[in-house]
Each structure stands twice: as C-alpha cells, then as structure tokens.
Amino acid sequence: MNKVYPVKIIANTSIAPNTWLLRCNRMWEFEAGQVVGISFHPDDEPRLYSIASGTQHHEVWILYTVKPGGLLTPQLSTRNKGDTIYMTDPFGNFVCREDKAVWIATGTGIAPFASMFFSGQHTKKKLIQGSRSKDGLYFHDFFYSELGRDYQPCCSRIGEEGCFRGRVTDYLANLEMIDAEIPYYLCGSAEMVVDVRDLLIARGVPFERIMAEIFF
Ligand SMILES: Cc1cc2nc3c(=O)[nH]c(=O)nc-3n(C[C@H](O)[C@H](O)[C@H](O)COP(=O)(O)OP(=O)(O)OC[C@H]3O[C@@H](n4cnc5c(N)ncnc54)[C@H](O)[C@@H]3O)c2cc1C
C-alpha cells in the first residue's frame with residue numbers, strides 16, 4: 001500500500017485547451033518515469049498520473065487533461081494555489097536506464113519523457129511527440145531548443161509549421177530505416193501504444209525492446 005501525503009498546490013494553470021499543469025510541493029525522491037496517485041481525500045481511490053518534472057526540481061509537476069464527467073479531473077481543474085490534495089508515494093517501473101533509446105509519446109503521454117528530459121537523461125535519445133495540433137505538443141519549446149534534430153514533432157492537422165504532417169505511426173512508417181538494436185519507450189493512449197508496437201515489431205524490433213506505459 002502506498003503512503004498518502006497531503007500536499008499543497010503551488011499553482012494549477014491551464015496551458016492548452018482542456019490541459020492543465022499542476023505544481024505541488026515535493027515530499028519524496030523519485031525516478032523519472034514514475035507515477036503518483038492523486039485524490040481529494042486520503043481514503044478515496046486515487047487516479048494515477050506520471051510525474052512531469054525533473055528529479056532535481058523542488059516541485060512536482062503533473063500534466064493532465066480534464067475528462068468530462070470524470071470523478072477527479074473536472075474538480076481538480078478548479079483547485080487553486082494553497083488548496084490541499086492527497087498524493088501517494090511515487091512508484092512504477094517505466095524508467096529508462098539505457099544510454100541510447102527512442103521515446104514516443106502522444107498527448108499527456110509526454111509527461112514521463114518530460115521528467116526524463118528535465119532530469120538530464122536526454123543525451124543520445126530521440127523524442128517523437130504526436131498531437132492533433134501544435135498546442136498539444138506540451139513542452140515543445142524546451143525539446144525543440146535542446147534536442148534539435150533528435151526531436152520530431154508530428155501533428156495530424158494540416159498547416160502546423162515545423163511538424164511532420166501525420167500521426168507518429170505515419171512518421172515511423174515513412175522512415176527508411178528503423179534501428180532494431182535500441183529500446184523504444186512508448187507512452188499515451190492504448191490505441192497509440194498498440195499501433196506503434198505493431199509497427200515496430202513488423203519493422204524488426206523485438207518485442208522485449210519495446211517498453212510501454214498506457215494511460216487508461
Ligand atoms: C500509469 C498511468 C499514468 C497516467 N498518467 C496520466 C497523466 O500523466 N496525465 C493524465 O491526464 N492522465 C494520466 N492517466 C490517466 C488518469 O489516471 C485518469 O484515468 C484520468 O485523468 C481520468 O480521471 P477522472 O477521475 O477525471 O475520470 P474518470 O472518473 O476515471 O472517468 C474517465 C472518463 O470515463 C467516463 N466514465 C466514468 N465512469 C463511467 C461509467 N461508469 N460509464 C461510462 N463512462 C464512464 C467519464 O465520464 C470520463 O469521461 C494515467 C493513467 C495511468 C494508468
């Protein structure tokens with residue numbers, strides 16, 4: 001059973017349509033890629049969220065979208081600086097210890113990779129980030145300025161400047177060569193993870209080199 005802590009909200013800001021960045025004070029050490037449970041009461045069943053901030057950061061960042069009719073997120077988006085919520089200890093094994101790897105994310109699935117990036121683990125990594133439109137490429141400016149050619153934004157909507165036009169699967173399908181010797185880390189919806197995993201396996205990447213975190 002994970003320990004549950006009361007934490008104070010430092011800020012809770014809308015950063016894109018329907019998307020919020022929650023910043024709280026930090027109670028524990030964690031590894032980039034881990035998740036926490038969040039609830040409004042210590043006895044409630046917590047919802048899981050990936051930590052988006054770096055391991056050296058004194059705050060915890062959570063990137064979330066509001067699910068209409070959901071039990072947690074519509075209310076969470078109305079909470080303000082100084083309010084108390086409950087957060088569990090961090091846990092989970094979606095951590096990247098390899099030197100070289102490809103990180104693939106859509107939507108809020110970018111959160112664990114943002115944490116790895118802000119923790120300084122991005123050397124020799126390629127990041128492929130997908131969204132319908134550019135406003136869903138969360139943390140884009142950080143990745144763009146730091147990763148250069150190792151950052152590939154993909155937008156399925158026409159006319160998004162500087163992005164591959166299409167989904168992450170279209171981008172991968174268009175690549176002449178896919179390196180089957182390195183690990184691939186996928187994070188996002190079940191649909192994206194299954195589609196990307198099938199594509200990578202079809203292009204020769206062994207199943208055990210594909211690590212996935214599904215947000216359900
Ligand atoms: C490992 C992991 C990490 C995650 N990390 C993140 C993250 O970093 N950011 C993020 O945004 N999300 C993340 N998620 C998803 C997150 O945990 C929640 O599922 C999500 O935020 C929904 O929370 P909610 O309580 O608002 O909605 P819920 O109450 O779970 O409802 C979700 C949707 O289902 C509908 N629904 C609920 N009950 C029913 C029902 N009985 N019949 C029909 N429809 C119903 C609701 O209307 C709503 O639209 C993660 C999930 C996992 C498993």
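How many helices and strands are there in the chain? The chain has five helices and 12 strands, where helices (H or I, at least four residues) and strands (E, at least two) are DSSP runs, numbered from the N terminus. The radius of gyration of the chain is 17 Å, close to the 17 Å given by the globule rule for 216 residues, so the chain is as compact as a globular protein of that length. That radius is taken over C-alpha atoms, and the globule rule is 2.2 Å times the number of residues to the power 0.38.

The model is predicted: local features need pLDDT of at least 70, side-chain atom pairs count only at pLDDT 80 or more, and totals for chains, interfaces and linings use all residues. For selections, residues are numbered from 1 along each chain as its sequence is written.

**The whole chain**

Begin with the C-alpha trace. Along the principal axes, the C-alpha atoms fill a box of roughly 50 × 35 × 30 Å. Buried residues make up 37% of the 216 residues; a residue is buried if 20 or more other C-beta atoms, placed from the backbone, lie within 10 Å of its own, exposed if 12 or fewer, and partly exposed in between. Among contacts between residues at least 6 apart in sequence, 67% join residues at least 24 apart, a contact being two residues whose C-beta atoms, placed from the backbone, lie within 7 Å.

**The two domains**

Next, colour residues 4–88 as domain 1 and 101–214 as domain 2; these bounds come from an automatic or database domain assignment. The C-alpha centres of the two domains lie 24 Å apart. Across the boundary, 17 residues of domain 1 are in contact with 12 residues of domain 2. On the side of domain 1 that touches domain 2, β1 and β5 (59–65) each supply at least two residues, and β5 gives the most, with three residues. By class, that side of domain 1 has eight nonpolar, nine polar and no charged residues. Here Ala, Val, Leu, Ile, Met, Phe, Trp, Tyr, Cys and Pro count as nonpolar, Asp, Glu, Lys and Arg as charged, and the others, Gly among them, as polar.

**Strand β1 and its partners**

Select β1 (residues 4–16) together with β6 (residues 84–88): the two run antiparallel and are joined by five bridges. Strands count as paired if DSSP finds at least two bridges between them. Val4 stands opposite Thr88 in β6. Ile9 has Cys24 in β2 as its bridge partner. The hairpin of β1 and β2 has two residues between the strands, and Asn18 there takes a positive phi near 65°.

**The ligand shell**

Now centre the view on the ligand. Of the 20 residues around the ligand, Gly69, Gly70, Leu71, Leu72 and Thr73 come nearest; a residue is near if its C-beta atom, placed from the backbone, lies within 6 Å of the molecule. The elements giving two or more residues to this shell are β4 (47–50) and β5, and β4 provides the largest share, four residues. The shell has 11 nonpolar, six polar and three charged residues. Domain 1 and domain 2 each contribute at least three residues to the shell.

**The parallel sheet**

Move to the open sheet of six strands, whose order is β10-β9-β8-β7-β11-β12, with parallel pairing. Its edge strands are β10 (164–165) and β12 (210–214), each pairing on one side only. β12 runs parallel to β11 (residues 184–188), and five bridges join them. Gly188 stands opposite Ile214 in β12.

Which strand is mostly covered, with six of its six residues buried? Select β7 (residues 101–106). Ala101, Trp103 and Ala105 point one way from β7, while Val102, Ile104 and Thr106 point the other way. β7 pairs with β8 (residues 125–131) in the parallel sense over six bridges, and the bridge partner of Trp103 is Leu127 in β8.

**Helix α2**

Finish at helix α2 (residues 111–118), where eight of the eight residues are buried, so the helix is largely enclosed by the rest of the structure. Among the buried residues of α2 are Phe113, Met116, Phe117 and Phe118. After α2, select Gly120, whose phi is positive, near 80°.
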